[in-house]
Amino acid sequence: MPNPIQGLPGWRLTELDETGSTNADALAAAKSGDPGRLWISAARQVQGKGRQGRPWVSERGNLYCSLLLIDPAHDLEKLGTLPLAVACAVHGALASLPGAGRHEFRIKWPNDILANGKKISGILLESLALEEGPLAVSIGIGINCAHHPDPALYQATDLAELGLATKPDALFQHLAHNMAATLGAWNHGKGFPQIRSEWLNLAGGIGEKINVNLPAGQLEGVFEDIDAAGRLVLRLQNSEIRHISAGDVFFGPPV
């Protein structure tokens, strides 16, 4: 049975030693009628995954957790801004750690967290339309505490390497409280203007040349902004403006 989270009435946590995927567990809980605001954490995942189905190495020592929300947005258009709110919450949790001020934590669109330019956290949102009508959303979050994978696409780091050694359960408390506050400010999507301003202040690459990998190819241009729907606004070399809903962003020269 889930346990209440101290200081957060209505929020609960189920702690597992090992599981396939906390995201899958959260969506299974939704199918069983869970009302949401349920966190599921695991010491180890054996079927962890990132965006576009990429495997996410999930050995013991790091934080792996998912948050189940039921109908988090008032309409589907607002749902696209949720990943940016989640990124602000994860950033806030990391920035609140003792000694974090010695390092630069930035958000890479839409919701990766970089520490000194290296990936330290990944976020994956998955959704499921339930038979009764509501939409279940599982927010999967992995934060490198004790070690980090060596992904092909990005350089990575972890809190221990940064001199910010933190146990996953202690980091989770920072995360849960920051998430509750940020989702309250997001307010089912109605508060996105405030979240957008915060996100832009925390983002990396604004005003710089970036490359965006899309299923149909790669675009290069200047990262101008994010729009009211949370999409990346890219100004191409011919001054054409593109609004991008999904893609892999890279800073610097093309990859």
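Two strands count as paired if DSSP finds at least two bridges between them. Helices (H or I, at least four residues) and strands (E, at least two) are DSSP runs, numbered from the N terminus. This is a predicted model, in which local features need pLDDT of at least 70 and side-chain atom pairs count only at pLDDT 80 or more, while totals for chains, interfaces and linings use all residues. Residues are numbered from 1 along each chain as its sequence is written, and side-chain values use heavy atoms, with hydrogens and water left out. The model holds an open sheet of eight strands and an open sheet of five strands.

**Eight-stranded sheet**

- The strand order is β1-β2-β3-β4-β8-β7-β6-β5, and the pairing is mixed.
- Strands β1 (3–5) and β5 (105–108) are at the edges with a single partner strand each, so one side of each has no neighbour in the sheet.
- On average, neighbouring strands of this sheet are turned by 25° against each other, direction ignored; axes are lines fitted to C-alpha atoms, for helices over the stretch in contact, and angles run from 0 to 180 degrees between N-to-C directions.
- Nine bridges join strand β7 (residues 118–129) to strand β8 (residues 135–143) in the antiparallel sense.
- A129 has L135, in β8, as its bridge partner.
- Helix α4 (residues 168–186) packs on the sheet and touches β1, β2 (8–19), β3 (38–45), β4 (63–70) and β8, where contact means heavy atoms within 4.5 Å.
- The direction of helix α4 makes about 25° with that of β4.

**Five-stranded sheet**

- This sheet has the order β12-β11-β10-β9-β13, with antiparallel pairing.
- Its edges are β12 (241–244) and β13 (248–251), each with a single partner strand, so one side of each is left without a neighbour in the sheet.
- Neighbouring strands here are turned by 45° against each other on average, direction ignored.
- Strand β10 (residues 217–226) pairs with strand β11 (residues 232–236) in the antiparallel sense over five bridges.
- D225 stands opposite V233, a residue of β11.

**Nonpolar cores**

- A nonpolar core is a set of buried Ala, Val, Leu, Ile, Met, Phe, Trp, Tyr and Cys residues joined through side-chain atoms within 4.5 Å.
- Buried means under 20% relative accessible area, exposed over 50%, and partly exposed in between (1.4 Å probe, protein chains only).
- The largest core has 62 residues, of which W39, L94, I141 and W199 touch the most other members.
- Helix α3 (residues 82–95) supplies the largest share of this core, 10 residues.
- Leaving out residues up to four places away in sequence, W199 touches L84, A87, C88, I107, W109, P110, I206, F223 and I226.
- Another core, of nine residues, lies apart from the largest one and includes A26, L27, A29 and L68.

**Cysteines**

- Zero disulfides (pairs of cysteine sulfur atoms within 2.5 Å) are found in a search of the whole structure.
- C88 is in no disulfide, and the nearest cysteine sulfur, that of C65, is 17 Å away.
- C88 is buried, at 2% relative accessibility.
- C145 is also in no disulfide; its nearest cysteine sulfur is that of C65, 9.5 Å away.
- C145 is buried, at 2% relative accessibility.

**Salt bridges**

- A salt bridge is a side-chain nitrogen of Lys or Arg within 4 Å of a carboxyl oxygen of Asp or Glu, and the whole structure has 12 of them.
- D17 and R60 form a salt bridge in which the closest N and O atoms are 2.9 Å apart.
- D17 lies in strand β2 and R60 in the loop between β3 and β4, so this pair ties together parts 43 residues apart in sequence.
- D17 is partly exposed at 49% relative accessible area, and R60 is partly exposed at 40%.
- E59 and R44 meet through their side chains in a salt bridge (2.8 Å, N to O).
- E59 is in the loop between β3 and β4 and R44 is in strand β3, 15 residues apart.
- E59 is partly exposed, at 36% relative accessibility, as is R44, at 22%.
- A network of salt bridges links D17, E18, R44, E59 and R60.
- The side chains of K108 and D112 also meet in a salt bridge (3.5 Å, N to O).
- K108 is buried, with a relative accessible area of 3%, and D112 is buried at 0% relative accessibility.
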